[in-house]
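Hi,

Here is the structure I promised to pass on. Have a look at it first, then read my notes below.

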Amino acid sequence: MRSKDGRTTKDGIRIYQEADFAGMHVAGKLAAQILYDIAQHVFPGQTTGEIDRIITNMVAEAGAESATVGYKGYQHASCISVTNVVCHGIPGAPIPLHGGETISKNLEKRRSDDSFKDGDILNIDVTVIVDGWFGDTSRMYVAGKLSPKAERLIQVTHDSLMKGIEAVKPGNTFGDIGYAIQSYVESKRMNVVRDFCGHGLGQVFHAPPNVLHYGRPGVGPRLEEGMFFTIEPMVNLGRAETEILKDEWTAVTRDKSLTAQFEHSIGVTADGCDIFTLSPGGMFHPTYS
Ligand code: MF3
Ligand code: CO
Ligand code: CO
């Protein structure tokens, strides 16, 4: 039984109440619905600016708010991270590199615009606020034809998130989650980004703890019923290191390798967890839609 009074653990992690799960389910569901509905708008020639405009309208039509507009000066309802952009890609900004399978050391030419090329893979990350509750989720999409190399990266990244989620239950630790993700990714000869992590959320966007996507079994705070947080592993085909561009947001792989990310918002239950951002019809993975 969950205690009646909310409390915070010694690690600063808020323990939410039974009734709070309902608010998170509503917010998470809207964010997931937006990721589902936006899939039809991803195709070669489409721009990240247009996708963000559509998402902005979807959020407004739902009577919700975007958590990212005005967040630390960020001005968009989504982050759209293409090919070698790890996270925090800015909609409407020129996409840093030519993408898909064409990425190589000799192809460092900047694109002149924000439109997708055939074979580009991209992450769209949306966070909404509904009645004060935050729903934060992201998934991968493909513009045009998915290459075998990109498909493998996307599959491993998706599955690593699910392995992390499987490790969520009271008594396990945050290190168990990180270990589940890291060991799986490295067994596939890919690398987990260390420079960004998941986070507590609920009635705030980013709260303790930092949810690392690497780690050792048994290390870190113990999971308790009523903890709400995201798991959002970023996986690179090449090295794990990232670099932030001069715009102070866009994070790219240092070696320009292809990268992918999936994110769910979850809440710890008595015997596992609830996924607040489950996709309608299970449409979370690009090859399913
Ligand atoms: N949604 C991102 C996350 O998963 C945060 C984006 S912050 C922004 O935590 F300002 F870049 F939008
Ligand atoms: Co997040
Ligand atoms: Co997010």
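**The metal site**

The cobalt ion (ligand 2) is held by D136 (OD), H199 (NE2), E232 (OE) and E263 (OE), at 2.0 to 2.2 Å. Donors here are N, O and S atoms within 2.8 Å of the metal (3.2 Å for Na, K and Ca), and water is not among the atoms, so sites may look incomplete. Along the sequence, the donor residues follow the spacing D-x62-H-x32-E-x30-E. E232 sits in the loop between β11 (228–231) and β12 (234–236) and E263 in the loop between β15 (259–261) and β16 (264–268), so this pair ties together parts 31 residues apart in sequence. (Strands are DSSP runs of E, at least two residues, numbered from the N terminus.) Both E232 and E263 are buried, meaning under 20% relative accessible area (1.4 Å probe, protein chains only). The cobalt ion (ligand 3) lies 3.3 Å from the cobalt ion (ligand 2), and D136 coordinates both.

**Strand β6**

10 of the 10 residues of β6 (residues 121–130) are buried, so the strand is largely enclosed by the rest of the structure. β6 runs antiparallel to β7 (residues 133–142), with 10 bridges joining them; two strands pair if DSSP finds at least two bridges between them. V128 has G135 as its bridge partner in β7.

**Before you start**

This is a predicted model: local features need pLDDT of at least 70, side-chain atom pairs count only at pLDDT 80 or more, and totals for chains, interfaces and linings use all residues. Residues are numbered from 1 along each chain as its sequence is written, chains are lettered from A and ligands numbered from 1 in the order written, and side-chain values use heavy atoms, leaving out hydrogens and water.

Cheers

Key: Helices (H or I, at least four residues) and strands (E, at least two) are DSSP runs, numbered from the N terminus. Buried means under 20% relative accessible area, exposed over 50%, partly exposed in between (1.4 Å probe, protein chains only).
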